[in-house]
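Hi everyone, thanks for coming.

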Amino acid sequence: MRPGDPVFVAPDLRIDPILCRYGKSRRFRAYTVESKRNFSTDLTLLLTFLWSRGLSWLDAHKKDLDDFEDWRRRAPKNPERIGDAKWNRELAAFSGFFKWAKSEGYLTASPVATRRIVDERGAVLDVPVSLAPSGKSAKMHWLTPRTWRLWTDVGLRGHTQAGIPGLGWQGRLEDRNVAFVRLVLSSGLRRQEAGTLLTFELPGTSLPGNRYCRGTVAGAVTRSKATRTFYAATDAIGEVETYCESSRAWAVRKAQRAGRYDQLSGMRLVTKVTAGPRRVVHWVDWAGEAFQMPLERLTAADRIWMFTEGPDGPEPLWLWLNEAGLPFQIDSWEAVFRTANMRCQETLTPPRHLRPDPHRVYAPYATVHAARHSFALFALVVLNSVMDRRYGLSPAERRDFRLLYGDPWFMVQGLLGHATRQVTVDTYLAPVRHLQMESLLADVDAPSAGPLPDLDGVFSRIASTAETIQDIDTLLAPTGGTA
């Protein structure tokens with residue numbers, strides 16, 4: 001077995017050898033680290049359900065999976081029912097396992113019922129009958145720029161409503177958390193894309209005007225597996241650099257003094273990173289054997305072991321570290337956001353209104369992916385505004401300009417790394433899909449010589465027409481009564 005291969009232990013503490021073979025199969029090992037963890041957890045839920053019925057997975061029938069689906073999604077007695085997206089992920093885990101078991105001869109038929117469809121390209125596919133309709137946009141939510149500022153100050157910096165750090169606030173890893181959020185919010189990177197950056201991948205080339213820096217995200221850590229360019233605000237990159245020079249450097253020195261890095265047998269000591277469009281990383285392992293691989297092919301599992309020789313010994317190249325000086329796991333960012341959300345709830349919600357009330361929202365709520373959604377919304381509004389102001393285009397001239405250079409939707413598609421423009425429109429920018437941005441931005445009050453207008457008023461108007469966009473005024477003012 002290899003690191004990352006799952007071991008399934010039954011309630012009677014027996015290990016199923018066939019399930020372990022699946023964990024070592026080519027199909028399962030091809031999944032990303034996150035998919036392996038998610039699929040193993042999903043499969044364990046089904047196995048436990050079958051066990052409660054006195055069945056093993058070898059005895060499962062279609063009726064058993066139907067009952068499991070009903071319990072997971074619809075049963076009134078289940079207080080933790082799941083939505084369509086979560087069910088579809090679990091179904092993918094079941095389908096993949098039972099398909100493998102059938103191909104290996106352990107089953108004559110899969111208990112996952114399927115139906116045959118023809119996709120938009122004409123390909124014939126077998127899909128699970130119980131596959132839920134895609135509803136991605138229903139769970140999308142956005143925060144306006146000033147709401148992100150409030151969330152960051154209160155949730156990550158420990159500020160009170162008065163705008164100062166609260167009594168007893170220690171600010172541990174505050175600079176790291178703020179820098180990560182600023183980077184994701186200004187670049188639109190996914191959690192894995194931003195969370196697996198190595199120190200030498202931090203953008204350092206400023207565009208003319210010094211407002212943005214240009215960087216490259218490696219294909220191996222993207223969802224599309226395609227390397228792409230991203231842009232991040234210069235001040236956001238500055239905050240990351242400040243983190244690297246302060247608390248990160250302190251954590252590294254502390255780990256070196258404690259000898260933590262000397263105990264890592266999987267360490268890969270990078271000796272050289274070539275320049276040019278196709279950078280190659282050279283390293284030696286614990287035994288001194290030399291290896292090399294293109295940077296774009298380094299996965300998250302590869303990157304977490306990459307170190308460099310510093311003045312006081314080995315140092316991790318993984319950008320984000322915990323207090324012990326070790327790589328901060330990608331999924332751990334969810335806990336950072338949960339804690340920040342709780343802090344916002346406790347600080348901004350009056351005590352007598354702490355009970356959930358859908359009609360009175362006092363505190364912003366954010367997720368890692370919400371920063372990506374918000375980046376897309378912000379980029380669309382800004383690109384439209386800049387295009388109009390810079391070129392003074394009339395509606396007819398704008399149509400001609402789009403034919404030559406592409407419209408802002410196309411630009412945002414490229415920034416997000418989406419395969420098609422329609423994914424960008426339908427999924428990430430649903431709140432403004434139906435709006436005429438030209439008229440929306442026509443009355444923005446800002447000096448014509450300014451590099452960018454003050455768009456808080458624009459976002460406020462957009463938020464008033466879309467329930468999923470959180471804006472600070474809406475959040476802090478109840479819809480009725482007094483606070």
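So, how many helices and strands does the chain have? The chain has 19 helices and 12 strands. Helices here are DSSP runs of H or I with at least four residues, strands are runs of E with at least two, and both are numbered from the N terminus.

Quick housekeeping. This is a predicted model, where local features need pLDDT of at least 70 and side-chain atom pairs count only at pLDDT 80 or more, while totals for chains, interfaces and linings use all residues. Residues are numbered from 1 along each chain as its sequence is written, and side-chain values use heavy atoms, with hydrogens and water left out.

Now the overall picture. Of the 483 residues in the chain, 44% count as buried. Buried means under 20% relative accessible area, exposed means over 50%, and partly exposed is in between, with a 1.4 Å probe and protein chains only. The chain exposes about 25,600 Å², and carbon and sulfur atoms supply 54% of that. Those areas come from the Shrake-Rupley method with a 1.4 Å probe, and for residues only the protein chains shown count as cover. As for contacts, meaning heavy atoms within 4.5 Å, take the ones between residues at least 6 apart in sequence: 60% of them join residues at least 24 apart.

Let's move on to helix packing. Two packed helices are described by the angle between their axes and the distance between the axes. The axes are lines fitted to C-alpha atoms, for helices over the stretch in contact, and the angles run from 0 to 180 degrees between N-to-C directions.

Find helix α3, residues 33–52, and helix α4, residues 62–73. Their axes come within 11 Å and cross at roughly 110°. That makes α3 roughly perpendicular to α4. On this scale, angles under 35 degrees are roughly parallel, over 145 roughly antiparallel, 65 to 115 roughly perpendicular, and the rest oblique. Which residues meet there? From α3 we have L45, L46, F49 and L50, and they meet D64, L65, D67, F68 and R72 in α4. By class, this contact of α3 with α4 has 6 nonpolar, no polar and 3 charged residues. For the classes, Ala, Val, Leu, Ile, Met, Phe, Trp, Tyr, Cys and Pro count as nonpolar, Asp, Glu, Lys and Arg as charged, and the others, Gly among them, as polar.

Stay on α3, and look at helix α5, residues 84–103. The axes of α3 and α5 come within 9 Å and cross at roughly 85°. That makes α3 roughly perpendicular to α5. On the α3 side, the contact is made by N38, F39, D42, L43, L45 and L46, and α5 brings K86, R89, E90, A92, A93, F94, F97 and F98. The class tally for α3 with α5 is 9 nonpolar, 1 polar and 4 charged residues.

One more residue in α3 is R37. R37 is partly exposed, with a relative accessible area of 35%.

Next, a few loops. Is A132 buried or exposed? A132 counts as buried, because its relative accessibility is 7%. You'll find A132 in the loop between β2 (124–128) and β3 (142–143). Leaving out residues up to four places away in sequence, A132 touches R73, D84, W87 and N88. A132 is also 46 residues from K86 in sequence, with 9.6 Å between their C-alpha atoms.

H159 sits in the loop between α6 (145–156) and α7 (174–187). At 16% relative accessibility, H159 counts as buried too. With residues up to four places away in sequence not counted, H159 touches D153, V154, I164, P165, G166 and T347.

L173 is in the loop between α6 and α7 as well. L173 has a phi near 60°, a positive value in a residue other than glycine. L13 also has a positive phi, about 75°, although it is not a glycine. L13 belongs to the segment before α1 (17–23), and at 70% relative accessibility L13 counts as exposed.

Last stop, a strand. T216 is in β5, residues 212–217, and at 43% relative accessibility T216 counts as partly exposed. T216 and T229 are 13 residues apart in sequence and 4.5 Å apart in space, C-alpha to C-alpha.
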